[in-house]
Amino acid sequence: MKDRFSDTSSIDKATAYRLLRVARLLRHDLAGALARWDPDLTPEQYFVLFRLHERDGRAQRELVDPVLDDRANITRLVDKLQARGLVERRPDPDDGRRNQVWLTDAGRALFDTLLPRIPAERRRLFGDLAPGELDALHDLLDRLEDRLG
């Protein structure tokens, strides 16, 4: 008798493949929403703005997601946001060799227009899940991330 992990008849039955496919679709969906609201803002730039909204004045290395390992991209992301006037780099008062990244007034204003739109997008995507289902999904994702991390 086969166990539930033994079926290799189709890639579409592989859990990891299905999760990767959904993750790509979610990123594509977010990119589409952002394009409607601000055609020049990518999901990755939005994530940087969100991190700065959570706590402004971070060292650039703090904006790197350790799971995504996007160190190579963070400089380019911050450069583009700075060129748009949405963030600025300031010298770190504790270490003159480093810079901190801060939201500008324009960056804060843009983020403040985007943030209220997010709950509607979440409802559109996850609204038909019962609260317990969404909690279970979060729990499963956390457990998988812990196992893989």
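Tyr46 is buried, with a relative accessible area of 4%, where buried denotes a relative accessible area under 20%, exposed over 50% and partly exposed in between (1.4 Å probe, protein chains only). The structure is a predicted model, in which local features need pLDDT of at least 70 and side-chain atom pairs count only at pLDDT 80 or more, while totals for chains, interfaces and linings use all residues. Residues are numbered from 1 along each chain as its sequence is written, and side-chain values use heavy atoms, with hydrogens and water left out.

The structure holds four aromatic pairs, a pair being counted when the ring centres of Phe, Tyr or Trp (its six-membered ring) lie within 6.5 Å, and classed as stacked for planes under 30 degrees apart, edge-to-face for over 60 and tilted for the rest. One of them joins Tyr46 and Phe50, whose ring centres are 5.8 Å apart and whose planes stand at 85 degrees, so the pair is edge-to-face. Because these two residues are four positions apart in helix 2 (residues 43-54), Tyr46 and Phe50 are separated by about one helical turn; helices (H or I, at least four residues) and strands (E, at least two) are DSSP runs numbered from the N terminus. Phe50 is partly exposed, with a relative accessible area of 22%. The rings of Tyr46 and Phe111 have their centres 5.9 Å apart and their planes at 20 degrees, and the pair is therefore stacked. This pair links distant parts of the chain, with Tyr46 in helix 2 and Phe111 in helix 4 (residues 105-114), 65 residues apart, and both Tyr46 and Phe111 are buried. Together, Tyr46, Phe47, Phe50 and Phe111 form one aromatic cluster.

With contact taken as heavy atoms within 4.5 Å, and residues up to four places away in sequence not counted, Leu49 touches Leu41, Leu81, Leu86, Val87, Leu103, Leu110 and Phe111.

Gln60, found in the loop between strand 1 (58-59) and helix 3 (71-83), is buried at a relative accessible area of 16%. Its side chain makes polar contacts (pairs of N or O atoms within 3.5 Å; within protein, one must be able to donate a hydrogen and the other to accept it, and residues adjacent in sequence count only if both atoms are side-chain atoms) with the side chain of Thr75 at 3.0 Å and with that of Arg89 at 3.1 Å.

A search of the whole structure finds 17 salt bridges, each defined by a side-chain nitrogen of Lys or Arg within 4 Å of a carboxyl oxygen of Asp or Glu. Among them, the side chains of Asp56 and Arg108 meet at 2.8 Å, N to O. Asp56 lies in the loop between helix 2 and strand 1 and Arg108 in helix 4, so the pair ties together parts that are 52 residues apart in sequence. Asp56 is partly exposed at 21%, as Arg108 is at 33%. A further salt bridge joins the side chains of Arg55 and Glu62 (2.3 Å, N to O).
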